[in-house]
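Here is a walk through one protein model, taking the sheet, the ligand site and the domains in turn. Please keep the sequence and the coordinates at hand.

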Amino acid sequence: MRVDVITIFPEYLTPLREALLGKAIDKGLLELGVHDLRRWTYDVHKAVDDSPFGGGPGMVMKPQVWGEALDEVCAGDTPRLIVPTPAGRPFTQAMATELAQERRLVFACGRYEGIDQRVIDDAATRMPVDEVSIGDYVLVGGEVAVLTIVEAVVRLLPGVLGNPASHQQDSFSDGLLEGPSYTRPVVWRDRAVPDVLRSGNHAAIARWRRDQALERTFHRRPDLLEALPDSALDKHDRKL
Ligand code: SAM
């Protein structure tokens, strides 16, 4: 997969080259381009923003600069453009799975009050565009949203995780939150690991994990349980 990020703070994206994502780059599974939006400014102040039509506080990112940046970064290709914004479609594990199928993603990081809407509308005539929110709160810029989205997507690419089965058991993959995990020692500060996990009985362990996942989801995210189709529950689940 190729990922391009356009931002006025390229250094903000440095963590994309660390840890698992850094390894994905080394292995050739991820190609990353980070572009400084100010490269496409021509004035002495390298201005990327201007005051909003209609008045109001804050500044809006200029369409000319963004237009040229996207024209150059996307030239000769049709990537999927992701524009982080609190007004976007909520980012979910399902969307991460969908984006992980793409050959190329381009991210446009907004700042201030966001990007002139015409940039997004114009890009949408040439490529698929998604305005995406990472949650119901307002950040100062799109960079942290991009770190979140790219990390969630790239870990799903084949070959990135050491054990490909591990993301299939993660929270949300079956519509539920994952239950608790334990490692050695068996007893720590008078707290023991549940016996069943040391029983060697794989069916009992699977049942216990499923029950824990259901219970945790019921208490913390009942909305997820409500959204689960009946077909996703077995007869033992229904007893809970
Ligand atoms: N005026 C905008 C609004 O109320 O919808 C908020 C702009 S915010 C201060 C600046 C930039 O941060 C946005 O353009 C977007 O790139 C990013 N951003 C802020 N919150 C976000 C969120 N929840 N999800 C994704 N991006 C976000």
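In what order do the five strands of the open sheet stand, and is their pairing parallel or antiparallel? The model, which is predicted, has the order β2-β1-β6-β5-β7, with parallel pairing. The edge positions belong to β2 (31-36) and β7 (129-133). Each of these two strands has a single partner, so one of its sides is left without a neighbour in the sheet. From one strand to the next, the twist averages 30 degrees.

Strands β5 and β7 run parallel and are joined by six bridges. Within this pairing, R89 stands opposite V132 in β7.

Strand β5 also matters for reading the ligand site. Spanning residues 80-90, β5 gives the most to the shell around the ligand, contributing four residues. In total, 19 residues surround the ligand. The closest of them are P84, G110, G114, L139 and G142. Sorted by class, the shell comprises ten nonpolar residues, seven polar ones and two charged ones.

The domain assignment gives domain 1 as residues 2-154 and domain 2 as residues 171-238. Between the C-alpha centres of domain 1 and domain 2 the distance is 37 Å.

Note on methods
Residues numbered from 1 in each chain as written. Predicted model: local features only at pLDDT ≥ 70, side-chain atom pairs only at ≥ 80, totals over all residues. Near = placed C-beta within 6 Å. Nonpolar A, V, L, I, M, F, W, Y, C, P; charged D, E, K, R; others polar. Pairing = 2+ DSSP bridges. Axes fitted to C-alpha atoms, helices over the stretch in contact; angles between N-to-C directions. Domains from an automatic or database assignment.
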